[in-house]
Amino acid sequence: MVLVVAVVLLLLALLPPVSMLQDAGALQGNPEPDPSTPALLRLSDTLLAHYRRGVRPVRDWRTTTTVAIDVMVYAILSVDEKNQVLTTYIWYRQHWTDEFLQWDPAHFDNITQISLPAESIWVPDILINEFVDVGKSPDVPYVYVRHHGEVQNLKPIQVVTACSLDIYNFPFDVQNCSLTFTSWLHNIHDINLSLWRQPELVKFDRSVFMNQGEWELLYVLSHFQEFSVKSSDSYAEMKFYVVIRRRPLFYTINLLLPSIFLMVMDIVGFYLPPNSGERVSFKITLLLGYSVFLIIVSDTLPATAVGTPLIGIYFVVCMALLVISLTETIFIVRLVHKQDLQPHVPSWVKHLLLERATALLCIWDRKKFSQSRTQSSDISRHVENNDSTAKLNHYGSEDPREREVAGSTRPTPASATPAEGSLLIHSILHEITTIRQFLEKRDEFRDVAREWLQVGYVLDVLLFRAYLVAVLAYTITLGTLWSVWQYA
């Protein structure tokens, strides 16, 4: 009898506690319900009692853990063209199967999922290769675990990544930045990557995107690939290409329209008379105003060390056109300015500009005006010549009989002699000849100045139309390029 009691006590000492039997029975399918303990607490204690978070959760080490990931773009926070950095806010989701976190819901009050601390279980080391800075992401300390072992890790991330930004088409630029998710340590035999949703659903998903900023989300492309470094083990990576487009309305109103208005005023300035100095001062004022405009907008333009946006080249060319316009104006004003020692217009210049160019530019009214002015000057010169000749004949070749009659009617100085009268007549004739030569020289200068004015007018029209063609061709080319880029 004593021997039997000793054997029973020895068996009781070797048996595990009842709670352990209940927990083991729960995991093996033979639960022992304990109404005093909540089901969530019992399940959490059961799952984490003997869990090792430092070991990949597979029963056979040859089994590959497949991690399915998904990305949803929430907002584009900033695009730093100078430092080539893109800051986005994304909703990142991933799930994998943990073979050590499985249970039968019927043994735990039909619980099919539970939230567990992320620091208490194994989490894959999935990182983004383009990370350049740690963003201000909120901390989500829990993950969801389903009864068949699926673990879901959902968290928002502020991603600060390096991106090759192309600003040549600014402000109609489209940027394509990649987010490459890969395991930093495990090769493809340990951790493989897959896409949570279909690529078509990921591409056009804008359900959570905030569409009120400067940038517009076009689509998100996904691509899986394997890579290896120097013939080592292969690694799996999943790339998401975030394609965004800038909204150009703000830059069009504040950058392009003021520049266009100044160029239009420069073109209108050609309608000022070329022989006045107002055109020069007007164009100098425009050039100074455009310089101030460029200083103001210099901070708005993106700057990089590898390239210059096309709009910057556009501003430089507009400045060059204003300088060319001012140079042309100075040349025309210098050409038509009246000078006493100005030579006659060469015959070949008359032939090219006053005949060929006027016919080519259809300046028929100006040609008629020049002809009428030439005819009027010839008529006035002829009248003056006739008048001066008549006066000379009146004093120089007067008939003796008329001179006697005139002498009888006019009083003669008492002391006047015939010799003195002859000297007086010669001095008067000399003065009249000098006056006539002066008037003829003045008329000649006027004719020369008028000819140069006509040449300057025709040359001004020719240069203005060439300038206008250059501006229009430049504007149409840029407008076409920007339209193609905007609606591409």
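The count comes to 1 cavity of 30 Å³ or more, a cavity being a set of points on a 1 Å grid over the protein atoms alone where a 1.4 Å probe fits but cannot get out. The model is predicted: local features need pLDDT of at least 70, side-chain atom pairs count only at pLDDT 80 or more, and totals for chains, interfaces and linings use all residues. Residues are numbered from 1 along each chain as its sequence is written, and side-chain values use heavy atoms, with hydrogens and water left out.

The largest cavity holds about 40 Å³ of space, a volume being the space filled by probe spheres set on the points, which are joined across faces, edges and corners. Its lining (residues with an atom within 4 Å of a point) consists of Val71, Met72, Val73, Arg197, Val202, Asp205 and Val220. Strand E1 (residues 65-80) gives the most to this lining, with 3 residues; strands (E, at least two residues) and helices (H or I, at least four) are DSSP runs numbered from the N terminus.

An open antiparallel sheet has 4 strands in the order E4-E8-E11-E10, where pairing takes at least two DSSP bridges. E4 and E10 are at the edges, each with a single partner strand, so one side of each has no neighbour in the sheet.

| Sheet strand | Residues |
|---|---|
| E4 | 126-128 |
| E8 | 174-183 |
| E10 | 215-228 |

E4 and E8 are joined by 3 bridges, and Leu127 stands opposite Thr182 in E8.

The axes of helices H5 (residues 249-268) and H6 (residues 278-297) come within 10 Å and cross at roughly 170 degrees. H5 and H6 are therefore roughly antiparallel to each other, the term for angles over 145 degrees.

Definitions and conventions. Axes are lines fitted to C-alpha atoms, for helices over the stretch in contact, and angles run from 0 to 180 degrees between N-to-C directions. Angles under 35 degrees count as roughly parallel, over 145 as roughly antiparallel, 65 to 115 as roughly perpendicular and the rest as oblique. On a 1 Å grid over the protein atoms alone, a cavity is a set of points where a 1.4 Å probe fits but cannot get out, and a pocket is an open set with protein on both sides within 12 Å along at least five of seven lines; lining residues have an atom within 4 Å of a point.
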